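Student: I would like to go through this model by question and answer. Please give the cut-off for each term when it comes up.

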Amino acid sequence: MTADGPISTPSSLPRTLSLIETLGFGLTGLLLWLSVAPGAHAELGIQAMWVWIPGALIGILINVQIQQLGQQLPNVAGGTPNYLTHLLPDMRWLTSYAAIGYFLSWVAVIPVNAIILAELIETYLPPLDVAVPGIALRIGFILMAFVVAFSGTRSLSALHLAFLMPAVGLLLLFCIQGSVWLLVSSPQGAIIAPASPDFSIQGWAKWYLNGTYAFYACETASAFVADSKQPRFTLRSLLIVASLIPIVYVAGSWLLLHLSAGITDPTDTFLTLTTAARPYWGVATPLLITFLVVSSCLLSMATAVSIAPRVLYQLARDQYISAIFGRVSPQGVFGPGLGITLLLSLICLTWGNLHEIVMLTGVGWLISFITLHYGIWYKRGEAGVKLPWLALAMAAMEIVVLAIGGWAWGIQNFGIGLLLPLAVIGSDALIAKVMSKCQIHPSWQGFKRRSTSNFENLIPIQIATLVGFISVATIIGWSASTVIAQANTRQPIDFLVVLVLVLSFLGVAIACWTIFPKMVAVNDARKSAEALGKQLEATLQTLQQTQVQMIQREKLSSLGALVAGVAHEINNPVSFIHGNLFHAENYTHDLLMLVQLYQRHYPNPDREIGTAIEAIDLDFLKDDLPKVLNSMTQGTERICEIVLSLRNFSRKDEATCKTVDIHDGLESTLSLLQYRIKAASGGAEIKITRDYGSLPPVECYPSQLNQVFMNIFANAVDAMETASEKRCNSEHLDQIKISTRELDGERVEIAIADTGPGIPDNVQPRIFEPFFTTKPVGKGTGIGMSISYRIITQRHQGQLSCKSTLGQGTTFIVQIPIQQTRAQLDSNG
């Protein structure tokens, strides 16, 4: 499985969410237990534990699987449903259906919690003689969630954090404290299960189907990985949430089983929780349960309006649905996605029954996880895929649950649940067709930022809205307190808690709408200033480096021209002398042979000739003249070698990329430095050790590569000269070892090691910095190694590294490709 899939367009969402914000969204899945558990226990009794225990175990495994998949897809928004499209890219019809089924289940969270809130308030209104239409309450709560969503992602996350600790904290306290109380106060009752009806496979499958809506939903943090500042830690938070699943889904359900018996309406969430918590929370139970239920509902709705449009956004980015759903504002408002989510939420209210809504959308939800587990098995053996055969077994069990549970809920409802994703897919196809006919081309970047003038015009409206809300909230609070003061029951106090929480939610929503744009504007201005400062700093640094590079190139160009010219001028007379020495040696040999013949035939020369022979010391001349000529020949040969080395080093005629023998470049560089190698270390010659491997011809810029070798050799000689001046031990052997080898058939490596004093650890990270040098003033400019680094890394797309041990020596390692790619040649050219 690749990180992007066959047609993936990675999310371009800005990474603005902190770890605590994404963790908060992930913890919300635990709260969905509240809407399913009462109904399951009312019908199944003790058998409900066969729903929660395996469900909790599979929920934990799902979190582990999603965490592994998320590591392979860190730029994909939406989480689980959008991972499906990458697991099974060749089954677009199946993954599209499963993803939309997942999306519809989160859409259902909004009306489900709106119903719970409305029913809670309706229980408080009769004693207060207040009548409010139930449908108006439900619609009002749905709209309230979208007020926050249209304020932006940061507004949602801020509101989410405000209600996170009360909701999740109270839920965990309810489960943990209740379980401890049950074990301590009634150990026998905690172990022995109350009587329950006979086990029914249909009843079990029915409520397991509904339960997946809760215990499979704890992987919600994965939906926010693409806009998380710390995606890796966001994925790890899935494991934290997984550790809490048994506490809520097993311990909490066991608690309800023992402490919620005997209530008049066992499907009533508030009544069930209140009855269960009263033995250990006492008189504070209604207040705390009210706080738990209301904050949980508000938090769940905020999470749902965050996840649902993200799923559509990534599906649009991956070209599975209409491109219009891929639009998002700079503030993180998924406009089209939120619009369709709001419409579908209102449609869900037409069913009215909480459990029917969960079941209808739960069909597509369960199919999405069946597809997930099948995809994990299908991709077995690839990166990010864990426990494939267990996933296949889970998929088989879920298919059985889907068939039996769907039948138990009613074949009509089951059929509607199967058709819902198809209806949404069909509607999307219609939207795409309309967009095509109208030639609408939505931009991936989404909505443009508001202009300054429009932003300023909104300020009076925002202030007026905030003042109006404060006034209305004050009036409502005053009226409610008056009614409560006249009531003789305790219930109105709990109603006041509901009222305060709802008004707080709405107040934070309006505050986010009015204040957050200004905070975003200030933050954007600050970021723009920081970005401009960094850009100016980078530009200045680039200019400095360019200036140094231009100066160095000009120097090298002039030096190269001079060296090439001198080498050319020296080459002609030296070649003339060297060529004539051969003839001079032959002529001398002939003349000496003639003199020997004269001496043999005229052993007694004239006195004047004898005097001349003694004067010129003829015997010594005959012996020494061939030696002189031989020395002159060796000298001219050495000059020819130096001239050739100068030509190889300068390579003035090879400014372009050419294929050369690396060893020739190394030898020509060493030849030019021979005078320093012999004179270094107080007169002791530096030993050169060669360990040349079999290298193919390398495509490179020879002159520049030789410059790198020259800089490394010169630095090694300088280091050993300095160390030799300070060293008392004259027996120390200074040595430079050159090793070459071929790497993986694509690169060559040249390692140049010396036995100098080494480089301190605090200096090593800076040796390639421009103008950094440890040499005394006048001996180093600090640009040699910097230019060498750029020649290797930028010009040759290679690597230049340094390894050094203080007191033992330094090794520079050069790695360059054997062949330069066409793109590299174009960019270098």
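Student: Where is Tyr602 found?

Tutor: This is a predicted model, in which local features need pLDDT of at least 70, side-chain atom pairs count only at pLDDT 80 or more, and totals for chains, interfaces and linings use all residues. Residues are numbered from 1 along each chain as its sequence is written, and side-chain values use heavy atoms, with hydrogens and water left out. Helices (H or I, at least four residues) and strands (E, at least two) are DSSP runs numbered from the N terminus. On that basis, Tyr602 is in the loop between helix 18 (491-601) and helix 19 (607-616).

Student: Is Tyr602 buried or exposed?

Tutor: Buried means under 20% relative accessible area, exposed means over 50%, and partly exposed is in between (1.4 Å probe, protein chains only). Tyr602 has a relative accessible area of 57%, so the residue counts as exposed.

Student: With which residues is Ser322 in contact, leaving aside its neighbours within four places in sequence?

Tutor: Ser322 sits in the loop between helix 12 (285-317) and helix 13 (335-348). Its relative accessible area is 4%, so Ser322 is buried. Contact means heavy atoms within 4.5 Å. Apart from neighbours within four places, Ser322 touches Ala316, Asp428, Ile431, Ala432 and Met435.

Student: How far apart are the end C-alpha atoms of helix 24?

Tutor: The expected span of a helix is 1.5 Å times one less than its number of residues. Helix 24 (residues 784-795) has twelve residues and should therefore span 16 Å; this agrees with its end C-alpha atoms, which are apart by 15 Å.

Student: How many of the twelve residues of helix 24 are buried?

Tutor: The buried residues are Met785, Ser786, Ile787, Ser788, Arg790, Ile791, Ile792, Thr793 and Arg795. Helix 24 is thus mostly covered, and the number of buried residues is nine.

Student: Why is the pair of Trp377 and Trp389 edge-to-face?

Tutor: The structure holds 22 aromatic pairs. Rings of Phe, Tyr and Trp (its six-membered ring) pair if their centres lie within 6.5 Å; planes under 30 degrees apart count as stacked, over 60 as edge-to-face and the rest as tilted. The rings of Trp377 and Trp389 have centres 5.9 Å apart, and the pair is edge-to-face because their planes are at 75°.

Student: How many residues apart in sequence are the parts that Trp377 and Trp389 tie together?

Tutor: Trp377 counts as buried at 18% relative accessibility, whereas Trp389 is exposed at 56%. Trp377 belongs to helix 14 (residues 354-378) and Trp389 to helix 15 (residues 388-409), so the distance in sequence between the parts they tie together is twelve residues.

Student: What separates Lys627 and Asp623 in helix 20?

Tutor: The side chains of Lys627 and Asp623 meet in a salt bridge, at 3.6 Å from N to O. Lys627 is partly exposed at 48% relative accessibility, and Asp623 is partly exposed at 45%. Because they are four residues apart in helix 20 (residues 618-650), their separation is about one helical turn.

Student: With which residue does Glu749 form a salt bridge?

Tutor: Glu749 is buried, with a relative accessible area of 10%. The closest N and O atoms of the salt bridge are 3.0 Å apart, and the partner is Arg741.

Student: How far apart in space are Ala716 and Thr755, C-alpha to C-alpha?

Tutor: Ala716 is in helix 23 (residues 702-726) and is buried, with a relative accessible area of 4%. Leaving aside neighbours within four places in sequence, Ala716 is in contact with Ile736 and Asp754. Ala716 and Thr755 are 39 residues apart in sequence, and their C-alpha atoms are apart in space by 8.4 Å.

Key. Salt bridge = Lys/Arg side-chain N within 4 Å of Asp/Glu carboxyl O.
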